[in-house]
Amino acid sequence: MLDTYVFGWIICAALSAFAIRNLVFAGKKCCASLETDAAMCAENITTAAGECRQSKRDGEVDVVIVGAGVAGSALAYTLGKDGRQVLVIERDLSEPDRIVGELLQPGGYLKLIELGLEDCVDKIDAQQVFGYALFKDGKHIRLSYPLEKFHSDVAGRSFHNGRFIQRMREKAASLPNVRLEQGTVTSLLEEKGVIKGVQYKTKDSQELSVCAPFTIVCDGCFSNLRRSLCNPKVDVPSCFVGLVLENCELPCANHGHVILGEPSPVLFYPISSTEIRCLVDVPGQKVPSISNGEMAKYLKTVIAPQVPHELHDAFIAAVDKGRIRTMPNRSMPAAPHPTPGALLMGDAFNMRHPLTGGGMTVALSDIVVLRNLLRPLRNLNDAPSLCKYLESFYTLRKPVASTINTLAGALYKVFCASPDPARKEMRQACFDYLSLGGQFSEGPISLLSGLNPRPLTLVLHFFAVAIYGVGRLLLPFPSPKRIWIGLRLISSASGIIMPIIKAEGVRQMFFPTTVPAYYRNPPAA
C-alpha cells in the first residue's frame, strides 16, 4: 500500500513538472511574441514626460539628420552609402527659392566628386565658372582659377540653389536605407545629458518622436536647435539685395564679377544659360524699404551708375520688374560644446560672409571629414565614447574651414569703402596687388577657390598686400603724412584679420597637430 502511494506520488510530481515546463515554455513564447508585436507596432516610444526610449528593433535608425539642405542631403547620401540607416526630417521638401548658395567653388566641386555627388550639378542648367573679374574705378582685372593640374571638368559651378538641392535630395532618397520625411523638428530629446533623438511635428500637425544613437543637426542659418549644441555668436554685418538679370551677357563669360563699389561690393554671376544673379551688398542690418519704392530708388541712383555698361540696361530692367529679394548676411564662428549623441553641421554650426561663396565648400569638406571618422565604427550606440572621439572632427576640419572663413571676413572688410585714408589705401593696394599677376594673383585666387586652403598662405598674402600698400605710399619719396598712413595701414590690416583668427582659434588653425583631439582613436566596437 505504501509502495503504491509512493509510486503515485512520483507520477503526480513528474506530471506536474512536465506541465509547469510546458507552461513556462508557453509563457516565454507568448512573451517573445508580445515583444515582437510591440517592436513591429512601435519604432520609437515617447513617454508623457518627453523622454525617448530606444526602439526594440535593432538598427531601425542609426542617424537622424535634421534638415535636407546642401549639408543635410549630402550627409544623408554619404552615410547611407556607407550602410547606415538614415532618417532625414526637413521642414519643407518643396524646391527652395533662395538668393544665396548658388556658387560652388572648384574646391567644393572636388569634394562633391569625392562624395560621389558630382552628377547633382547635371540637368539643372548649371554654368561652369573659371575665375573672377574684379572691377574698380573703370578698370578691371581677370583672375583665373589655377585649374591646370585638374581634369577639364573641374571648375566652379553656379546654379539655382533650389534645383541643386532637389537633385541632392533625389540622390539621397534613391538609397533604400535613406528616408526623407517632411516635418518640423521642435526639440532634441535628451536623457541624462545624452541626445536620444528628436521630437517633431509632421505636415499633418501630428506630434511624433524618433530615437537614434546619433542625431546630426543641419537646419541652416536660422537654426532653432543650435543653442543646445554650441555657443552661437551671430553677427550680421550686411544684407544682400538680390535681382535676376535677363537678356544680357557678362563682360567676362563664365566668371564671377565683383564690383568694388560704394558703399560695398556688388556681385554678378550666371545661374543659368539665360540668367545672371546680381547681389548688392548693403552694410548694416537695415535695408531701404521695398514696398514704398525706397529700394528701387537706391538701386537706380546709387548702384546703377557703378554697374558695368554691358549690364546696366538689364540691371535697370530687373529693378523695374520688381522681383527684389533680401537676405541677411550672417557670420558665426564655430564654438561647439560637444554633446553625446548629437553633432552640428552646415550653416547651423558655422557661417561666414557669403562674398567669397565658400559656404558649400566648407560644408562638403566637413562631410568628408566626418565620413572618414565614422567609417571604422560598426555602430554608434556608445554616445559618450563617440562624443569624445568626434572631438577630433572640430580639429581636423579647421585648416580648410578657418582659411575660407577668415578670407571671407577679411576680404569683405577690405572691399568695403571707407572714409579712413588707411582703409582706402588697403583697398587700392589689394586691387593693384592682384593686378600684378603670377603668384601675386594665383596665390589668393587658389585660396578663394578652396583649392589651396592653407591658413599660413592666407596670412602671408594678406600682409603682403599691406606691405605692398606701404611701399606704394613711401615711393618715390616718403613724407611724414605718408609714413603715418602707412603705419595706420599695417595697424588696420592687423585689426581686420587678427580678431577673425582669434575667433577661429590660433592653435587649431595653424598648429592642429598639437591639439590632443587630433589623434583620437575610434572607440572599441
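Leu 407 is buried in this predicted model, because its relative accessible area of 10% falls under the 20% limit. The residue sits in helix H10, which spans residues 398-415. Leaving out residues up to four places away in sequence, Leu 407 touches Leu 447, Leu 448 and Leu 458. Arg 352 is 55 residues from Leu 407 along the chain, and the C-alpha atoms of the two are separated by 9.1 Å.

Thr 513 is found in the segment after helix H15 (506-510). With a relative accessibility of 40%, Thr 513 counts as partly exposed, since that class lies between 20% and 50%. Once neighbours within four places in sequence are set aside, Thr 513 is in contact with Tyr 518 and Tyr 519. Between Thr 513 and Leu 396 there are 8.9 Å in space, C-alpha to C-alpha, although the two are 117 residues apart in sequence.

The chain as a whole comes next. It has 525 residues, of which 51% count as buried, and it contains 15 helices and 19 strands. Among contacts between residues at least 6 apart in sequence, 73% join residues at least 24 apart.

The largest nonpolar core has 69 residues, and Phe 164 and Ile 216 touch the most other members. Helix H7 gives the most to this core, with nine residues. Apart from this core lies another one, of 56 residues, which includes Leu 267, Val 414, Val 470 and Ile 496. Beyond its neighbours within four places in sequence, Phe 164 is in contact with Val 70, Leu 112, Cys 120, Val 121, Ile 124, Phe 159 and Met 360.

Helix H7 (residues 359-374) also packs against helix H3 (residues 106-114): their axes come within 8 Å and cross at roughly 35 degrees. The crossing of H3 and H7 is left-handed. On the H3 side the contact is made by Gly 107, Gly 108, Lys 111, Leu 112 and Glu 114, and on the H7 side by Thr 361, Leu 364, Ser 365, Val 368 and Arg 371. By type, the residues of the contact of H3 with H7 are three nonpolar, four polar and three charged.

A search of the whole structure finds ten aromatic pairs. Two of them involve Phe 349 and are set out below.

| Pair | Centre to centre | Angle between planes | Class |
|---|---|---|---|
| Phe 349 and Phe 393 | 6.4 Å | 35 degrees | tilted |
| Phe 349 and Tyr 394 | 5.8 Å | 55 degrees | tilted |

Ring pairs link Phe 349, Phe 393 and Tyr 394 into a cluster.

How values were computed:
Residues numbered from 1 in each chain as written. Predicted model: local features only at pLDDT ≥ 70, side-chain atom pairs only at ≥ 80, totals over all residues. Heavy atoms only, no water. Axes fitted to C-alpha atoms, helices over the stretch in contact; angles between N-to-C directions. Helix = DSSP H or I, 4+ residues; strand = E, 2+ residues; numbered from the N terminus. Left-handed = near helix turned anticlockwise from the far one by under 90°. Contact = heavy atoms within 4.5 Å. Nonpolar A, V, L, I, M, F, W, Y, C, P; charged D, E, K, R; others polar. Core = buried A, V, L, I, M, F, W, Y, C linked by side-chain atoms within 4.5 Å. Buried < 20%, exposed > 50% of the residue type's maximum accessible area, 1.4 Å probe, protein only. Phe/Tyr/Trp six-rings, centres within 6.5 Å; stacked < 30°, edge-to-face > 60°.
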